[in-house]
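Trainee: Could you take me through one part of this model up close, the surroundings of the ligand? I'd like the contacts first, and then whatever you can say about how the two chains meet.

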Amino acid sequence: MSLTTGVPAKDQPVGDPPASSAPAFELKAAAFIMPVIRLLRLDMDAVEAQLMPKVQQAPAFFQHTPVVIELSALPSEDEEVGFPQLVGLLRGLGMIPVGVRGGGGAQHEAAKAMELAILSDKTKPVKTSVGDDVAPEPAVAAQAIGSPVGVETGSHLIDRPVRSGQRVYAAGGDLTVIAAVNSGAELMADGNIHVYAPLRGRAIAGLRGDTKARIFCSDLQAELVSVAGHYRVSDSIPANLKGCLTQVFLDHDVLRIEPF
Amino acid sequence: MARTIVITSGKGGVGKTTTAAAMAMGLAQRGQRTAVIDFDVGLRNLDLIMGCERRVVYDFANVINGEANLNQALIRDKRCEHLSILPASQTRDKEALTQEGVGQVLDELGKTYDYIVCDSPAGIEHGAVMAMFFADDAVVVTNPEVSSVRDSDRMLGILASKSRRALENDEPIREFLLLTRYSPERVARGEMLGVEDVQEILSLNLLSVIPESMAVLNASNAGNPVILDHESDAGQAYADMVARYLGEERPMHFLEPERKGLFSRFFRG
Ligand SMILES: Nc1ncnc2c1ncn2[C@@H]1O[C@H](COP(=O)(O)OP(=O)(O)OP(=O)(O)O)[C@@H](O)[C@H]1O
Ligand SMILES: [Mg+2]
């Protein structure tokens with residue numbers, strides 16, 4: 001279930017290396033999680049006006065984040081997309097636009113001219129109920145960097161603290177953490193996230209759009225919580241929940257954070 | 001097989017070199033054959049704190065480049081026969097330490113020493129990465145303030161993913177916390193984080209709490225690791241650290257200001 005197909009490379013020699021030289025690289029296939037900006041209209045001024053406040057809400061979420069521009073929801077494949085303005089806007093907000101998905105031939109040519117990759121359309125994004133033009137809907141799933149978590153099994157258990165800068169992703173299932181998740185760390189799961197220790201970093205459940213996913217934790221002090229693309233940052237997470245059993249879930253498109 | 005211990009921190013100036021010198025001396029005084037290596041290329045000061053700066057002929061980089069052999073570069077400590085120092089180069093650029101070269105030096109030291117203590121530069125630059133790569137144990141030196149604690153957390157994350165043990169899927173590095181420059185009075189006044197606050201965030205095995213102490217400055221001026229100053233609070237706290245590292249149980253000292261008060265802080269709501 002990956003968008004970036006990559007090259008299946010099993011120790012393929014590249015040319016004939018001189019006998020003494022050790023291999024300097026390996027070619028591998030990897031897939032990454034990236035937010036997708038699904039354009040619904042061609043009015044880039046409107047995109048800008050609506051995107052700015054979102055980014056200001058959670059600047060860290062977007063800083064240096066690679067993003068994909070999704071064209072499939074646009075009314076027509078023939079109309080011109082204002083890539084220069086859009087790319088400029090995204091870069092200006094700290095994001096790194098890497099490619100486009102969907103759309104037609106002329107749009108692809110314009111995208112290439114802006115050094116954007118044309119990403120394969122094989123995997124359709126999981127439809128979410130997000131009614132928001134530019135919610136950072138995570139559309140692609142794969143193992144995240146930085147942490148030794150397998151992608152095969154349905155659920156994962158982490159029993160060591162998740163530290164600042166580490167990311168853990170449970171593909172296709174739940175993630176359970178029985179040690180602290182520190183500020184600057186990030187948890188992601190396609191299913192639910194359970195944290196039986198202080199949650200001080202970010203938790204992103206229902207990464208591929210499962211609106212039934214929930215986050216359960218015994219001590220909520222998170223920087224960000226998100227279910228199926230609906231998120232809240234610490235400023236808008238009630239402070240009085242520190243130390244109580246709390247769940248985060250979607251109720252008709254509204255993200256609710258409640259003790260239980 | 002020798003155990004390689006890296007003394008590391010995210011933030012600079014927290015007391016790594018002071019700690020490397022004290023721990024190496026402490027281990028050696030307990031009869032463990034110990035080598036202490038300075039990885040801080042260009043900023044060497046381990047030799048100053050060890051008081052052997054005038055005896056440096058060759059350094060770590062010379063050994064890696066094959067310009068000297070290990071025995072020529074190692075300086076035997078005059079106070080303790082089990083201790084040797086491998087100084088850093090003051091002149092070379094940081095890239096002088098290659099991973100392969102460092103690995104070979106550690107392997108060779110491992111044949112004759114029980115412990116190899118690596119004094120790392122701060123942060124995640126090349127020298128620090130080299131110092132941590134081969135580590136079996138890590139002592140994360142942290143001051144009781146928010147920025148230092150957060151940087152330590154980040155270092156721990158890097159240790160867990162970038163070391164040889166992590167890359168080879170070996171048993172993870174044993175991680176220890178050392179709190180230094182601790183001032184119970186300032187903790188009581190709320191100007192510094194307390195031990196328990198730091199422990200709550202980092203959840204690590206705490207080796208010792210080293211108090212803020214004049215003895216440290218006096219010791220480094222004299223070129224004597226502070227652990228040799230048995231009368232001093234810092235010297236005793238470092239002696240406790242070495243004992244606990246070797247598996248002894250000892251109660252924590254130097255946590256309280258003159259008398260009373262500290263723990264009550266933690267137990268209110
Ligand atoms: N417990 C202590 N009490 C008082 N001063 C201390 C203590 N520990 C260290 N210092 C002082 O703090 C300064 C920095 O110590 P040290 O050189 O050991 O830190 P470092 O972490 O090695 O620094 P760098 O990151 O630059 O290598 C020195 O002046 C030292 O004397
Ligand atoms: Mg130092």
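Mentor: Start with Arg181(B): an N or O atom in the side chain of Arg181(B) sits 2.9 Å from an oxygen atom of ligand 1. Keep in mind that this is a predicted model, so treat each distance as a computed one. Lys16(B) also reaches the ligand with its side chain, where an N or O atom is 2.7 Å from an oxygen atom of ligand 1. Ser213(B) does things through its backbone: an N or O atom there lies 2.9 Å from a nitrogen atom of ligand 1. Taken on its own, ligand 1 has 630 Å² of accessible area, and the protein covers 79% of that.

Now widen the view to the whole shell. There are 15 residues around ligand 1, and the ones that come nearest are Gly13(B), Lys16(B), Thr17(B), Thr18(B) and Ser213(B). Sorted by class, the shell holds six polar, five nonpolar and four charged residues. Two elements of chain B give two or more residues each, namely helix H1 (16-29) and strand S8 (205-211). H1(B) is the top contributor, with three residues.

On to the place where the chains meet. Here ten residues of chain A are in contact with 15 residues of chain B. Between them the two chains bury about 1,000 Å², and 35% of that is on carbon and sulfur atoms. On the chain B side, the residues that lose the most area to chain A are Asp153(B), Arg154(B) and Glu200(B), which together make up 38% of what that side buries.

One pair to look up is Glu175(B) and Arg160(A), which form a salt bridge with their closest N and O atoms 3.8 Å apart. Counting residue pairs in polar contact between chain B and chain A, with both at pLDDT 80 or more, gives nine.

Which elements carry the chain B side? Helix H7 (146-162) and helix H10 (195-202) of chain B are the ones that give two or more residues to the side touching chain A. H7(B) gives the most, with seven residues. By class, that side of chain B has seven nonpolar, five charged and three polar residues.

Technical notes: Residues numbered from 1 in each chain as written. Chains lettered and ligands numbered in written order. Predicted model: local features only at pLDDT ≥ 70, side-chain atom pairs only at ≥ 80, totals over all residues. Heavy atoms only, no water. Near = heavy atom within 4 Å. Polar contact = N/O pair within 3.5 Å; in protein donor to acceptor, adjacent residues only side chain to side chain. Areas by Shrake-Rupley, 256 points an atom, 1.4 Å probe, with all protein chains shown as cover. Helix = DSSP H or I, 4+ residues; strand = E, 2+ residues; numbered from the N terminus. Nonpolar A, V, L, I, M, F, W, Y, C, P; charged D, E, K, R; others polar. Contact = heavy atoms within 4.5 Å. Buried area = accessible area lost by both parts, 1.4 Å probe. Salt bridge = Lys/Arg side-chain N within 4 Å of Asp/Glu carboxyl O.
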